[in-house]
Amino acid sequence: MAVINQFSLNIPARSANESFARAAVSAFAAQLDPTLEEISDIKTAVSEAVTNCIVHAYGEGAGKIYINACITDAGEIRIKIRDNGCGIENIDRAMEPLYTTVGGERAGLGFAVMQSFMDDIKVRSAVGKGTQVVLVKRIKPRYTVNG
């Protein structure tokens, strides 16, 4: 599988940038001619991943969010969202629905939402070094050419 296009984006971990990240990735994905539902799925998953960086990675401190996306010749968009924050101590536990380390208004559904909207999700993390989430969405071709 070869990469046919890609982009990178580095943004401050601020709530105001969550919608920008979502819009940038969905605009990039548009070249695959996704359905409105597929675009909505991508936007939702990116929003959850970026929000996790903002809320959990840096706490009240400043930090950066690194987003890399690529489109492959297999019709996939692969989105890597990374931070250099506090990291996740127990990834399996963090991925359980309703688990949250923050409490309050947070429902603890971020990873569950990402999993439900994307075809694949991988999470790597190291305490004190940061977290990387890779989201994959396969866009089904909507048109066929009859030879």
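Biologist: Why is aspartate 41 called buried?

Modeller: In this predicted model, aspartate 41 has a relative accessible area of 9%. Buried means under 20%, so aspartate 41 is called buried.

Biologist: What makes aspartate 41 and lysine 137 a salt bridge?

Modeller: The closest N and O atoms of aspartate 41 and lysine 137 are 2.9 Å apart. The cut-off is 4 Å between a side-chain nitrogen of Lys or Arg and a carboxyl oxygen of Asp or Glu, so the pair counts as a salt bridge. Aspartate 41 lies in helix 2 (residues 36-57) and lysine 137 in strand 5, so the pair ties together parts that are 96 residues apart in sequence.

Biologist: Is lysine 137 buried or exposed?

Modeller: Lysine 137 is buried, with a relative accessible area of 7%.

Biologist: Why is arginine 22 called partly exposed?

Modeller: Its relative accessible area is 28%. Glutamate 18, with 14%, is buried.

Biologist: How do you know that glutamate 18 and arginine 22 form a salt bridge?

Modeller: Their closest N and O atoms are 2.8 Å apart, and the limit is 4 Å, so the pair qualifies. Both residues lie in helix 1 (residues 18-29), four residues apart, about one turn of the helix.

Biologist: What makes glutamate 76 and arginine 78 a salt bridge?

Modeller: The closest N and O atoms of glutamate 76 and arginine 78 are 3.3 Å apart. That is within 4 Å, so the pair is counted. Salt bridges that share partners join Glu76, Arg78, Asp119 and Arg138 into one network. As for burial, glutamate 76 is buried at 7%, while arginine 78 is partly exposed at 30%.

Biologist: How many salt bridges are found in the whole structure?

Modeller: The search finds six.

Biologist: Why is threonine 131 called buried?

Modeller: Threonine 131 has a relative accessible area of 9%, and buried means under 20%, so the label applies. Threonine 131 is found in strand 5 (residues 130-138).

Biologist: What makes threonine 131 and serine 125 a polar contact?

Modeller: The contact runs between the two side chains, at 2.7 Å. The cut-off for N or O atoms is 3.5 Å, so the pair is a polar contact. Leaving aside neighbours within four places in sequence, threonine 131 is in contact with residues including Ile81, Asp83, Ile88, Val123 and Ser125.

Conventions. Residues are numbered from 1 along each chain as its sequence is written. This is a predicted model: local features need pLDDT of at least 70, side-chain atom pairs count only at pLDDT 80 or more; totals for chains, interfaces and linings use all residues. Side-chain values use heavy atoms; hydrogens and water are left out. Helices (H or I, at least four residues) and strands (E, at least two) are DSSP runs, numbered from the N terminus. Buried means under 20% relative accessible area, exposed over 50%, partly exposed in between (1.4 Å probe, protein chains only). A polar contact is a pair of N or O atoms within 3.5 Å; within protein, one must be able to donate a hydrogen and the other to accept it, and residues adjacent in sequence count only if both atoms are side-chain atoms. Contact means heavy atoms within 4.5 Å.
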